[in-house]
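Please read it alongside the sequence and the model shown here.

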Amino acid sequence: PAEANALNYTWPLWIVVLSGALPGHRLTGRVVLAGLLGFAGVLVVLTGSTDAAAPAGAPPVRALGLALALGAGFCWGSFTVLLRRFAAPEQENMALFCLCGAALAGLHALAAGVPLLPQAGELPVLLYLGLVPLALAFVLWERAVARAHLHRLGLLSFITPPLSMALLALATGVALPWRVLAGLALILLGMVVGRGFRADPASPAG
């Protein structure tokens, strides 16, 4: 889970790299260095990620699973950049996206035979997941994308992987391997290097 989680959270790096193609954004040497440090951190996390290193009884590490995790990070990063590129700042699109995602999840649950009626004890958890990590977080993210400079937003988001990994370690009770900690340190270093970035004065969101 640590390796897959780290690859999934490459989306801030993709935002920094891909947003260079947007009007009012440009890739400076500092931003490129920050992105390279972040990607180097990901490579360090993956170092030694083999089936032999997995705990006893755990499913083997699969290249396909790691590729899907990396693809998920690219999807969110590119979605953010495209949202800024094609959506008007005054539009509220995230609610529609969330409803579409919920509909697809419902269809998948029906096809997989998953019960759609939760148990009573599961309702508070489902309500929290739906209202806070999805609804509130996605709406705030959409507004940040519409109003902030994407390079700066991506660099600030570098703090997300370490927080997520710490929460994962706390939830599972498993200490993070040294390579994961070292990789996360590189990702944070990338954020520190890029913090001196100044938005292009020509950018309306700068």
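## A buried loop residue

In this predicted model, threonine 10 has a relative accessible area of 1%, and it is therefore classed as buried, the cut-off for that class being under 20%. Threonine 10 is located in the loop that runs between α1 (2-8) and α2 (11-18).

When residues up to four places away in sequence are left out of the count, threonine 10 is in contact with Val42, Leu70 and Gly73.

## Helix α2

The helix α2 is mostly covered, since 6 of its 8 residues are buried. The residues of α2 that are buried are Trp11, Pro12, Leu13, Trp14, Ile15 and Val16.

## Aromatic pairs

Across the whole structure, a search finds 6 aromatic pairs. In one of them, the rings of tryptophan 11 and tryptophan 141 have centres 5.4 Å apart and planes at 85 degrees, so this pair counts as edge-to-face, a class that requires planes over 60 degrees apart. The pair connects distant parts of the chain, with tryptophan 11 in helix α2 and tryptophan 141 in helix α6 (residues 123-147), 130 residues apart.

Tryptophan 11 and tryptophan 141 are both buried. Tryptophan 11 and tryptophan 141 also belong to a cluster, linked by ring pairs, that includes Trp76, Phe79, Phe97 and Phe138.

Methods: Residues are numbered from 1 along each chain as its sequence is written. This is a predicted model: local features need pLDDT of at least 70, side-chain atom pairs count only at pLDDT 80 or more; totals for chains, interfaces and linings use all residues. Side-chain values use heavy atoms; hydrogens and water are left out. Helices (H or I, at least four residues) and strands (E, at least two) are DSSP runs, numbered from the N terminus. Buried means under 20% relative accessible area, exposed over 50%, partly exposed in between (1.4 Å probe, protein chains only). Contact means heavy atoms within 4.5 Å. Rings of Phe, Tyr and Trp (its six-membered ring) pair if their centres lie within 6.5 Å; planes under 30 degrees apart count as stacked, over 60 as edge-to-face and the rest as tilted.
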